[in-house]
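The following note goes through a structure point by point for a reader who is new to such models. Please keep the sequence and the 3D view at hand while reading.

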Amino acid sequence: MKLLFKLAAKNLIGAGLRTWLNVIVLSFSFLIIIWHKGLLDGWDRQAKNETISWETGGGQYWQENYDPYDPFSLTEAHSGIPPSFNTLVSKGNIAAILITQGTIYPSGRIQSILIKGISSNQKLLKIPSALFIKNSEEVPALIGRNTATDNRIKEGDLITLRWRDVHGTFDAGNIKVIGIFDSDVPTVDMGQIWLPLDRLQKMMDMPGEATILVWNKEEQHSTISQGWKFKTNEVLLKSITDLIKMKSVGGIVLYIILMSLAMLAIFDTQVLSIFRRQKEIGTYIALGMTRGEVVGLFTIEGSLNSVLAGLLAALYGIPLLAMQASHGMSMPGGSKGFGLAVADRIYPAYSLGLIVTTILLILLTTTIVSYLPSRKIAKMKPTEALRGKIQ
Amino acid sequence: MRKLVIPVLMLCFSINAQTPSAKDIIEKVDKNMSADSRVFTSKMVIHNPRNTRTVESKSWSMGEKKSYTEYLSPPREQGTKMLKLEDQLWIFSPSTDRIIQISGHMLRQSVMGSDLSYEDMMEDPHLLNHYTGKINGEEKIADRNCWIITLTANTPDVAYQTQKVWVDKDRFIPLKKELYAKSGVLLKRMELSDVLQIQGRWFPKKILFKDVLKEGDGTEFQIMEIEFNTKIPEYIFSKASLKK
């Protein structure tokens, strides 16, 4: 076996430019597959971590009428916070959020907005609600950077807000923007304004009520509460998982094209080798090698292309991928408009599993592609092969 | 003494007869402004900070709950139909050949960038059913003597907690209206003019709506033709009529 490997390596190197062309093409496939998958994994990880930190926490209890995809449901989606949760809310271990719709008039323009009230003492989410405690004289408001930019709102601005209370009666008043936060999660930013929960409850005439209760990761969510439905992070982050899955499927097409190009080159090389090296094949058999061993030799030769490609890819790929992992990849402006968490820069994540899987996949495919033309050797007559007669 | 009491009483009576109660005034305003059914063609001139647009429409309404509107122009909006039943609204757009439903907060959004909300445009509420009035003074509007009446909601489920209405003393028509939020912030102002007698009642043919929180010169709502208490076939107020 050792001899076969030595011989295969010698033959492969001896083939010169033909080998190196195959190896270069295959190394590109290696690199692009690892880079693309790493990018998607990095995006998935970043998007989920950010969404958990800013929005979903350790899962959420939704008031039973709440449907985030149906704004009509908001008028009915509120009820009193269950008494069993009150201690956790007061400790800040549950973030209670009340959601309603309203209109803001920044600089005389009219703009529909989602008003969200959040408990000031919550520590679960990154929404800087602690700022509310320091600003209690007026109705303080927090907005995300994107909403601020879209509506040309600055910190310290007074904006007129119009809303309807629980009975449907119009009310209006000024709110003061006390902070603008930067978040990569558009679902806490785009078209939204955050107010202290108690103020919004008072404005809406909904004392002690909420629409969503964000749960702490450390707390058990076994407490069953009537009128509230628990949504796990698996459900809440499904849109991210689905998107990444969809992108991965799209990536498979790219991998197939890349691998096909590389495999076509290897297959072609193998067919050509067997055709041109018939005398050599005959000599191996005449020297005592079995047909199986000769098939093995040619298969190993083909497979070694992937080993060389792996080494070459490592040579120029590791610095490139490492640089990308530390600098990240800048995402185009406006990506947040899709409603999914997209950071300004995405940092690819190359896990050991990803690298090993890719190596094994390419090695296996190359071996199969190398073996297929080599089977012809088994049918060759050694005497004819020695004479170099075309079979 | 007896001789003195009778003239004094008569004087008090005549003063009372000259100034009806706020309730009577509102009742008379409702008689002029509201009807069991209305069919009218209107023109809405929307003055935005950058441009002015005109939208023509024909509307059918029955009581406070049912209303149907079809846009006649501009060509882009022609054929768009709206049906409002209770607090739900359906809009049919011929370009997409689809009916979409609007309810809740969306009903309070402006119609085509105007100063009117869908509710303002399609509702015909009887003031007396929802408000209690109080005469707060008198003022001249467009050379006509008016009572200033403050209306306070009887029930919590009305859009505007307070309204201020300037009612023409002779014709019992509001010539100006101010709509206030619960907090007392002025939200909208309406100026009513071109008052004509139609089918035995006074009615303003032109209303200038102004959302005071918004920039712009407001929206003129002009009634071109109007008929009161005509029989409207029931099928008009069905979703099937939207696609006809």
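1. Helices (H or I, at least four residues) and strands (E, at least two) are DSSP runs, numbered from the N terminus. The model under review is a predicted one.

2. Helix α2 of chain A covers residues 17–56, which makes 40 residues. At 1.5 Å a residue, this helix should span 58 Å, and its end C-alpha atoms are 56 Å apart, so the two values agree.

3. The largest nonpolar core has 59 residues. Those that touch the most other members are Ala96(A), Ile97(A), Ala141(A), Ile143(A), Leu213(A) and Val214(A). Strand β3 of chain A (residues 95–105) gives the largest share of this core, with seven residues. Apart from it lies another core, of 38 residues, which includes Met121(B), Trp166(B), Val167(B) and Leu192(B).

4. Leu213(A) deserves a separate remark. Leaving aside residues up to four places away in sequence, Leu213(A) touches Gln60(A), Tyr61(A), Ile81(A), Phe85(A), Ile94(A) and Ala96(A).

5. In chain B, strand β9 (residues 162–168) is mostly covered, since five of its seven residues are buried. Strand β8 (residues 144–153) of chain B runs antiparallel to β9(B), and seven bridges join them; here Cys146(B) stands opposite Asp168(B). β9(B) is also joined by six bridges to strand β10 (residues 174–180) of chain B, again in antiparallel fashion, with Val165(B) opposite Lys177(B).

6. The hairpin of β9(B) and β10(B) has five residues between the strands, and Phe172(B) in this hairpin takes a positive phi near 55°. Phe172(B) is also one of the residues touched by Asn32(B).

7. Is Asn32(B) buried or exposed? Asn32(B) is buried, because 22 other C-beta atoms lie within 10 Å, and 20 or more are required for that label. Asn32(B) belongs to helix α2 (residues 22–33) of chain B. Not counting residues up to four places away in sequence, Asn32(B) touches Phe172(B), Ile173(B), Arg201(B), Trp202(B) and Phe203(B). From Asn32(B) to Cys146(B) the separation is 114 residues in sequence and 16 Å in space, C-alpha to C-alpha.

8. Finally, the two chains meet in a contact that takes 21 residues from chain A and 20 residues from chain B. On the side of chain B that touches chain A, eight residues are nonpolar, seven polar and five charged.

Methods: Residues numbered from 1 in each chain as written. Chains lettered and ligands numbered in written order. Predicted model: local features only at pLDDT ≥ 70, side-chain atom pairs only at ≥ 80, totals over all residues. Contact = placed C-beta atoms within 7 Å. Nonpolar A, V, L, I, M, F, W, Y, C, P; charged D, E, K, R; others polar. Buried ≥ 20, exposed ≤ 12 C-beta atoms within 10 Å, placed from the backbone. Core = buried A, V, L, I, M, F, W, Y, C linked by C-beta atoms within 7 Å. Expected span 1.5 Å × (residues − 1). Pairing = 2+ DSSP bridges.
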